[in-house]
Amino acid sequence: SSRPITNEDLQAVTNDVANPSNRTITFNVVRHPKLGRLARKQSDNSTVDISTFTQDMVDRKEVIYIQTPIELVGWEAVDSITFSVMSPPASIDSQTFKIDISYENKGPEHNTVLIKNTGAEVTEGESVVIDEYKLDASNLMSKLPTPERGSYEVWFQVTDLPQHGVIVVGERNLTQEKPNFSQFIVTKYGIVYSHDNSETTHDSFVFGAWLNPKGRTAQQPQDEKDVVVERFNITVRPVNDQPPVLKTKTPGLKVVQGDRVAIGPEDLRVEDLDDPPEDITFSVISKPSNGYLALRGGLNESVVAFTQAQINNRSVYFIHDGSSASGVFYFSVTDGHHKPVYKLFNIDVSEITITLLNYTGLSLQQGKTVAALTQDNLAAETNGKSVSIHYMITKPPSFGKILKENQEVTHFTQEDLLAGSLAYHMTSLSSAEDSFEFTAFTLEANLTGQLLNITVRPLIQVAQGLKIPNGIPVRLNTSFFNVSELAAISVSDPVFEIMSHPKFGKVVQRSSKRSRKFVPAASFTFQEVMQEKIALELNGNMTGVEELNDSLVFVLKADNVQPAKGEFYFTVVPYNPVAIPSTKSPVPTTSPIPQTPVRIFRNGTASPVPSTVFHSTHQPSKNQQKFKGRNRWGNSNRTSFFSTTLGKPPRTEEFPFRNTPVRVESYPQKTSNPLLIILPLLALLLLIIIFVVVVVYFRHHRQRKQNTSSPQENPFSVPPNSESHSSLTQRSTTIPTVTVTPLNPTYSASPVLGRFLASNQASPYDTADSNVLVSSWSNGSLEPTSQIIHAVTPTLQRNQYWV
């Protein structure tokens, strides 16, 4: 190989800093190299041997060392050049320049350790022979001493097979199982690479080369230093055997009237595996009838030819002439080697339009007369070139006017909406809604007959997420909806006019102050809501469903403010009294706003089920205990013959709903008062009858028992020394005799009373306690305590004891 000597390898300078360009530094070769030669590279890339050169020639990389292939050089060697340097009057004598020669010194011109690893070039789908002129690793022998070289041979092993072809050695293909071949085979026969005819331009395989003893199985050495690993590159010359393919199913373009649009690869794309996009050419056979094609940089000039590369770069434009009709153009495409492909390109034209983006209308808070009109309420866009959108009011509002900077206007722009300089001012407070008609337009299009609605939002706090039980009337209060702020602003009692009753029920009120009959309400005041005189009665069909969504539509009116339409949403759930615990004071799980609890008064009815439940207990208040004989409507409950009020004080349960707590009070049912009186009376009467029957039965049973046992149960009437007493007391040695005294010994025939009256003897138990005990059994006897006759206590026998 050859290598230029550069100023990084060899450089000489002088100390004449003032005139360095006038100083020529010359190198004179005293001893030439032995393993190569020193040459100068000519302008025609030829070389000539030299013995003298200058520093300028070294700087220009014109001095080259060419290593001569000598057999005695071996794997590596060292060469040198001896020269002198002079720049009169200065000089340096006998300088040595060393040159390291080795196969491992790979440079830009020789990128392999081997003698030959040039790669190969093959035509697509064909084969090429790789011989010793393309692959030669015989220089590995130079690593061995000369006497041993005859005992070794060079072997190759392919470690990474080619991806787009196969290597054939003899009559077999190299595989991962059998990847070896020798330098002898390459030199004598060569190996063959066969391409698989794929649309590729490059392939390669990786191999390892080493010295293997002759007669032994080829096997790589364990030491990696003894193996040379390199890649053999293969260049594939493509063959143009594939025609262009149109990948766009329906080539076409959408364009707005009068616009110009770039044609991109998503509109028209042709692929050719053999040719780059620059070689795929389109030709316009028939021009479009509604415009023309042009290239970027010359949009005023029509073109009839362009390439796929220009389409990919979006350099091809279609210029529309402004007509409303759609059009087509006919084209052909070819790669220059195959027949052209003909196709139609459709051009769809759409009219310039204006579209409203935001059209939500405008809302005005009740009690206020001005609301800002911004792009959040009204905004539009256009597909035309002109992006400035104007609005013209064709019919002004009936109860107000549109202001721009406090001046009434009938024309404004999208920029005014964006800047927030517009407002609606309500001048008449007689309506809950208003509107105005307008036309949106640009220089190219317009949108007429548009209506923007203006509504008044009621100034009210409405409960959210409230669940109301079905089948029971529930009183409305300020927890359902609160208009205290509106009442303060208007200095009046706001009125709710019902526009639509709930779908599954109605709002009811008493027909008169003294009447217990409830009729549907047409309207009610906030004062009535605070006094809980209005109720919501729901009777929906809950069969097979867990809840029903319903609402109440109303118009809220007050003095000195405009009316407002509102809607109260709630959920109807089945009535389940077991699921709701009684409560004394609520313990909220959330922080409701405002702090108004849900309180339910019920007389035998269920409570509404809120979305969030309070867990609490119930204890009647003093007022409830004081007036427990009267219900919530002032009527007295009926009493029993025991002069005890049967009506219980209403239980109070408090529940919050999701965010706003609601106080709910249920009306008593129409049939609740008679039932509360009749049912307890019947139960009490039944208990009295059972008690009388039981008392008569036990008295009768006791009398019969005493009659049957009276001859034997009078031991205390006999003196203690009598034998009869002794015989009776010894009747049983294990079971003591017990005399049971009745509570009311009022009959003269009673054996117990006869026992007390028969004896006048003193008893050892004649004490105050015994007198009291006997007196308590006499049940109010007319005889004084001192005249009570005490029985004689008999003497206990063996194994006997008192009970």
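1. In this predicted model, Ile-185 counts as partly exposed, its relative accessibility being 23%, and a residue would have to fall under 20% to be called buried. Ile-185 belongs to helix H2, which covers residues 183-188. Its C-alpha lies 8.3 Å from that of Val-169, a residue 16 positions away in sequence.

2. Two strands, E28 (327-334) and E29 (341-350), each contribute at least two residues to the nonpolar patch. Leu-344, which sits in strand E29, has a relative accessible area of 44% and is therefore classed as partly exposed, since the exposed class begins over 50%.

3. The second largest pocket deserves a separate paragraph, with a volume of about 1200 Å³. Its lining is made up of 37 residues, and those closest to the centre of the pocket are Ser-1, Gln-67, Ile-101, Ser-102 and Tyr-103. The elements giving two or more residues to this lining are strand E1 (2-4), strand E6 (63-67) and strand E8 (90-102), and of the elements it is E8 that gives the most, with 6 residues. Sorted by class, the lining of the second largest pocket holds 15 nonpolar, 13 polar and 9 charged residues.

4. Turning to charged pairs, the count of salt bridges comes to 11. One of them is formed by Arg-314 and Glu-266, whose closest N and O atoms are 2.9 Å apart. This pair links distant parts of the chain, 48 residues apart, with Arg-314 in the loop between helix H3 (308-312) and strand E27 (316-320), and Glu-266 in the loop between strand E22 (260-262) and strand E23 (270-271). Arg-314 is partly exposed at 34% relative accessibility, and Glu-266 is likewise partly exposed, at 49%.

5. Which residue forms a salt bridge with Asp-416? The partner is Lys-404, and the closest N and O atoms of the two are 3.2 Å apart. Because Asp-416 lies in helix H4 (residues 414-419) and Lys-404 in strand E35 (residues 400-404), the pair ties together parts that are 12 residues apart in sequence. Is Asp-416 buried or partly exposed? With a relative accessible area of 12%, Asp-416 is buried, because that value is under the 20% limit. Lys-404, by contrast, has a relative accessible area of 27% and is partly exposed.

6. A further salt bridge brings together the side chains of Glu-497 and Lys-557, at 3.2 Å from N to O. Glu-497 is in strand E45 (residues 495-500) and Lys-557 is in strand E50 (residues 548-557), so this contact ties together parts that are 60 residues apart in sequence. Glu-497 is partly exposed, with a relative accessible area of 30%, and Lys-557 is also partly exposed, with 33%.

Key: Residues numbered from 1 in each chain as written. Predicted model: local features only at pLDDT ≥ 70, side-chain atom pairs only at ≥ 80, totals over all residues. Heavy atoms only, no water. 1 Å grid on protein atoms, 1.4 Å probe; cavity = no way out; pocket = protein on both sides within 12 Å on 5 of 7 lines; lining within 4 Å. Points joined across faces, edges and corners; volume = space filled by probe spheres on them. Helix = DSSP H or I, 4+ residues; strand = E, 2+ residues; numbered from the N terminus. Nonpolar A, V, L, I, M, F, W, Y, C, P; charged D, E, K, R; others polar. Buried < 20%, exposed > 50% of the residue type's maximum accessible area, 1.4 Å probe, protein only. Salt bridge = Lys/Arg side-chain N within 4 Å of Asp/Glu carboxyl O.
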